[in-house]
Amino acid sequence: MIRIVHVSDFHLEKEQPSLKQKEILDALILDLEQYVNEEVIIIFSGDLIDKSGLQFSDKESRFLTFKKVFIDRINKTYPSTLGRIFIVPGNHDFDRSMVDEFTSIPFRDSLVSKPNIVDSYVQKTKKEGNNINGLLDYKIFEKALYSKRQWSQFDSSFLLNSGNSTIGISCFNSSWLCYEDENIEKLFLSEAQIESSINFISEANIKIAVMHHPFEFYHKEDLDKFKSLLYNNYHMVFVGHTHKLESKQIDDLDGNLFLSVGKSISGTKTRNTDFVNGYSVIDYFVDDKISVSYKKYISNTTSFVINTDIGNDK
């Protein structure tokens with residue numbers, strides 16, 4: 001059995017977490033005690049930082065601060081998680097102050113109007129080792145975070161052992177074109193990104209893909225191309241962004257996989273049960289059976305409980 005804890009969208013606002021963020025993080029770390037084992041995997045599907053650190057007094061420290069506040073605390077409390085927390089960038093991790101409206105947005109629009117050139121651009125950027133404006137700080141941080149991986153501006157890939165299984169994890173950068181608030185059908189997860197990672201994790205018998213954005217945010221022609229690659233090569237896909245916790249088994253003509261959408265753990269209060277803070281725990285068994293436990297945060301008691309609004313699936 002492979003256990004995966006799926007968390008997302010922390011939105012760290014400044015060097016010192018707000019009271020609400022400190023309380024929810026304390027509650028998360030305490031609640032994880034019942035789920036962490038020696039081979040647990042923790043997936044964080046993007047938005048480490050809020051508004052790319054707009055409120056940080058030292059903006060350059062924002063990702064290292066997230067590491068100290070979030071990753072290091074979990075690693076220290078549960079040493080078995082060391083090297084087993086996997087992250088991807090979200091739209092809030094993209095620094096839009098680096099966007100030139102006279103060059104960047106026309107470039108993005110050219111890709112949207114001519115999606116057939118995206119693969120060539122991704123391959124050229126990889127080959128030349130060029131950086132992505134807006135994600136330079138994040139990618140430097142990400143590269144230093146792991147010792148064993150295949151790394152590029154567009155994807156990071158990992159192989160790890162769990163019992164008798166080899167697990168391949170593909171962490172895809174879906175945020176490299178997040179120039180504006182409205183990004184629906186303007187983003188790309190190109191075949192070049194996915195195929196590169198698939199080749200690296202080919203020996204794995206369990207394959208996991210992680211990206212920040214759900215499928216509806218990608219250009220339709222791009223989605224048509226990469227969807228079958230995901231469905232035919234991965235067992236599970238983890239996304240974030242919408243702050244709406246859900247999961248489902250998808251079976252269609254493109255193949256099948258388990259999809260998990262992560263809730264926010266930002267500490268923001270809401271009366272809408274669809275968007276309360278929470279996380280999920282997924283147990284994947286070798287016979288492709290999956291058990292999901294949904295947790296929600298109760299601010300009055302500063303604790304996580306089973307989310308009976310959703311139910312727990314098996």
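Residues are classed here as nonpolar (Ala, Val, Leu, Ile, Met, Phe, Trp, Tyr, Cys and Pro), charged (Asp, Glu, Lys and Arg) or polar (the others, Gly among them). The model is predicted, with local features needing pLDDT of at least 70 and side-chain atom pairs counting only at pLDDT 80 or more, while totals for chains, interfaces and linings use all residues. Numbering runs from 1 along each chain as its sequence is written, and side-chain values use heavy atoms, with hydrogens and water left out.

A search of the whole structure finds one cavity of 30 Å³ or more; a cavity is a set of points, on a 1 Å grid over the protein atoms alone, where a 1.4 Å probe fits but cannot get out. The largest cavity holds about 60 Å³, a volume being the space filled by probe spheres set on the grid points, which are joined across faces, edges and corners. Its lining residues (those with an atom within 4 Å of a point) are Pro115, Val118, Asp119, Phe188, Ser190, Glu191, Glu221, Asp222 and Lys225. Two or more of these come from each of helix H4 (118–128) and helix H7 (220–233), helices being DSSP runs of H or I with at least four residues, numbered from the N terminus. H7 gives the most, with three residues. By class, the lining of the largest cavity has three nonpolar, one polar and five charged residues.

H4 also packs against helix H6 (residues 191–200), their axes coming within 8 Å and crossing at roughly 55°. Axes are lines fitted to C-alpha atoms over the stretch in contact, and angles run from 0 to 180 degrees between N-to-C directions. Asp119, Val122, Gln123 and Lys126 of H4 are in contact (heavy atoms within 4.5 Å) with Glu191, Ala192, Gln193 and Ser196 of H6. This contact has two nonpolar, three polar and three charged residues.

Another helix pair is H2 (residues 62–77) and H5 (residues 136–145), packed at an angle of about 45° with axes 9 Å apart. H2 and H5 are therefore oblique to each other too. Here Arg62, Phe63, Leu64, Lys67 and Ile71 of H2 meet Asp137, Tyr138, Phe141 and Leu145 of H5. Six of the residues in this contact are nonpolar, none polar and three charged.

Finally, Asn232 lies in helix H7. Asn232 counts as exposed because its relative accessibility is 56%, the cut-off being over 50% with a 1.4 Å probe and protein chains only. Beyond its neighbours within four places in sequence, Asn232 is in contact with Asp254 and Gly255.

Conventions: Parallel < 35°, antiparallel > 145°, perpendicular 65-115°, else oblique. 1 Å grid on protein atoms, 1.4 Å probe; cavity = no way out; pocket = protein on both sides within 12 Å on 5 of 7 lines; lining within 4 Å. Buried < 20%, exposed > 50% of the residue type's maximum accessible area, 1.4 Å probe, protein only.
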